[in-house]
Amino acid sequence: MEKYKVIKEKCIACKACVRTAPENFRIEDGKAVVFKQPENDEELIKSRKAMEICPTGAILYEKPEPITGNSNVKETIEKYPQLKEILVKISPKFKTMQNPVMWNTVAKFATFKNAAKMTGVSLCEILHTVNKELGLEKELYKLFPECIRESEEEFNSSEITWKEPEEIIKIPESNIENLGVVIEQLKDLKSGESVVFEGNIDLEPVIKIIEDMEYLYNIKKYNTFKVRVSVYNPSKESTNIEDYEVLDVRMMQQDPFDIIIKKAYSLNPGEGFVLVQTFVPTPLINMLDGMGFDAEIDQVNPYEVKVYFKRRIEDEEENVEDNGKPTVTIQSATPVGYPIIMRLLQSKRLKKVVNIKELKIWEETEKHLGWIVNGKADISFSALITAAKLRDVDVKMPVVFVWDNFSIITRGYKAKSLEDLKGKTIHLPLFEDAPPAKITKYLIQAKGLNIEDFNFSYGNPFGRPKEIMMDFLSGKVDTVLLREPEAGFVMQALEESNIEYSELDYGKIWNEINDGFGLLPNAGMVLKGDLVRNYPEITKVLLEELEAAINWVNENRKEAAKLSFDMMRAPIKNVEKFLERVTFKYVSGKELEEKVYNFYDILIKNDIINATLDEELMEIFRI
């Protein structure tokens, strides 16, 4: 039976696992724990589901299996760190394998069969030693001889179509030291160049490293101890428009925006790609123009548009300025911020100080938490309440710029106050313990109403605002809690269809209860801690350009709608409606600290979030 554990450092106490597998998971001291391992098939299925939906990847399972000759060295050591010292005792050469360069190349691809050849230690000695340490020696015996059987190697060897160098690098023996020589040669291989190795080469890890680098290679085996490997780094430059990769996004089920942006950022000057869409993607063309792309439009027919994007070759002086720029990954889980993001990405000033590796847009908002906690995203656009879960994570949230962002909307009847919702079913995003539901109940009770008079429907475990919006528009449900931009989209559609509706603004109700509170803080920018520490000047530029983007959107809402409607997958008129309603305001420094402190104070005292309001938490909002 599988055994599960929770990595406390990654857990943000979202309670998804507790709701999914309550027989096995619970919250203790503000973190999820496995208080009982699954003991039957039903509990096992629920525990697997809990691990699957955990947004930060904090849940792991262990199914004890013996280490075999085909087990990967790096994966095994990462799973069982205690084996590091054990392996070094077997052979000091295992310590060489653990240095940063070898760890991310050789150990990443080498099996213990490969390690045995490179260290000169018998495979059986290695396997019996490590499995004995893990208490799995009996299981290893049961697998013999499968545990040491040689697998048939299959490689994608190419015919040599490249010019080879005159000098051949001789590899007299398959060991870690000589493998280090191979790696250094591969790392230095420039585009269009080749290198040839010949000798006693353990092919499996070498070829995997070569394939990971996306090089072409040719293998010629002379005998058991002599192999010839020719390696070529193909030029990726393509100025021929017929060679451009085609991205046909017309039938994609997912939002193609992040796929297109990732492709654009991967191209070098002079390279390009073809985008196939059902309409002319003007916002995307404008944004990529700011990133240095020229575009040619070919209207093939009313339902097919081809856009040929080519990255401009900048002046030599500008290329020099690019040297040394940090590469960052940006993500967003808040569609309300898309117009700001689109304008920010057009900033030439920002482009001069950072290379943007990827822009990831999440439909499933909880997954962005995993990227924050695991350090995959340098810049995140996220909800303020999320920050309360990040006190143990090295991040900063120096700006909040989205305010008053939730409303209850009804159709088919008028609601002037919360009291008018009695007997109705309020459809809420997320689960019962999530802030939207808890804030709703807090507002109802603070108004002196009996919570038992109201009905609620929750996401299970993660409701999607778009799904709730579509159910509402179709008439399937008549009372929903929506954020922007979905609230604005809904109102535009209802007005066009002459359908009666009403809105209860949470910001107004909150201020009726908390007199003089002002705007409700909703979402802002989260920065990775080492980005702020290592690049203070770049952080300053980023924040200044963010403020400039917010001001531009506030002053040019119609142009902002044209810029962002494609990314938001909505008609321009719907985006215009949303931008008429949303409150964008750049707030930072002491003003932000005071607002956040007061907001969290109310949330904590009313059991809406589980957090400790102290200096450690407030430090997230200071840079």
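The structure is a predicted model, in which local features need pLDDT of at least 70 and side-chain atom pairs count only at pLDDT 80 or more, while totals for chains, interfaces and linings use all residues. Residues are numbered from 1 along each chain as its sequence is written, and side-chain values use heavy atoms, with hydrogens and water left out. Helices (H or I, at least four residues) and strands (E, at least two) are DSSP runs, numbered from the N terminus.

The axes of α22 and α27 come within 8 Å and cross at roughly 120 degrees. Because of this angle, α22 is oblique to α27; angles under 35 degrees count as roughly parallel, over 145 as roughly antiparallel, 65 to 115 as roughly perpendicular and the rest as oblique. Here axes are lines fitted to C-alpha atoms, for helices over the stretch in contact, and angles run from 0 to 180 degrees between N-to-C directions. On the α22 side, the contact (heavy atoms within 4.5 Å) is made by A487, G488, F489, M491, Q492, E495 and E496. Their counterparts on α27 are K573, N574, V575, K577, F578 and R581. By class, this contact of α22 with α27 holds 5 nonpolar, 3 polar and 5 charged residues; Ala, Val, Leu, Ile, Met, Phe, Trp, Tyr, Cys and Pro count as nonpolar, Asp, Glu, Lys and Arg as charged, and the others, Gly among them, as polar.

Two residues of this contact, E496 and K573, also meet through their side chains in a salt bridge, at 2.9 Å from N to O. The term stands for a side-chain nitrogen of Lys or Arg within 4 Å of a carboxyl oxygen of Asp or Glu. E496 lies in helix α22 (residues 486–496) and K573 in helix α27 (residues 572–581), so the pair ties together parts that are 77 residues apart in sequence. E496 is partly exposed at 43% relative accessibility, and K573 is partly exposed at 42%; buried means under 20% relative accessible area, exposed over 50%, and partly exposed in between (1.4 Å probe, protein chains only).

Across the whole structure, a search finds 42 salt bridges. One of them joins K447 and E512, at 2.6 Å from N to O. K447 sits in the loop between α20 (435–446) and β19 (455–457), whereas E512 belongs to helix α23 (residues 506–513), 65 residues apart. K447 is partly exposed at 38%, while E512 is exposed at 54%. Another pair is R312 with D294, whose closest N and O atoms are 2.8 Å apart.

Helix α16 (residues 338–345) packs against helix α26 (residues 557–568) at an angle of about 110 degrees, with the axes 9 Å apart. This angle makes α16 roughly perpendicular to α26, and the crossing is right-handed. Y338, P339, M342 and R343 of α16 touch L563, S564, M567 and M568 of α26. These contact residues divide into 6 nonpolar, 1 polar and 1 charged.

How values were computed: Left-handed = near helix turned anticlockwise from the far one by under 90°.
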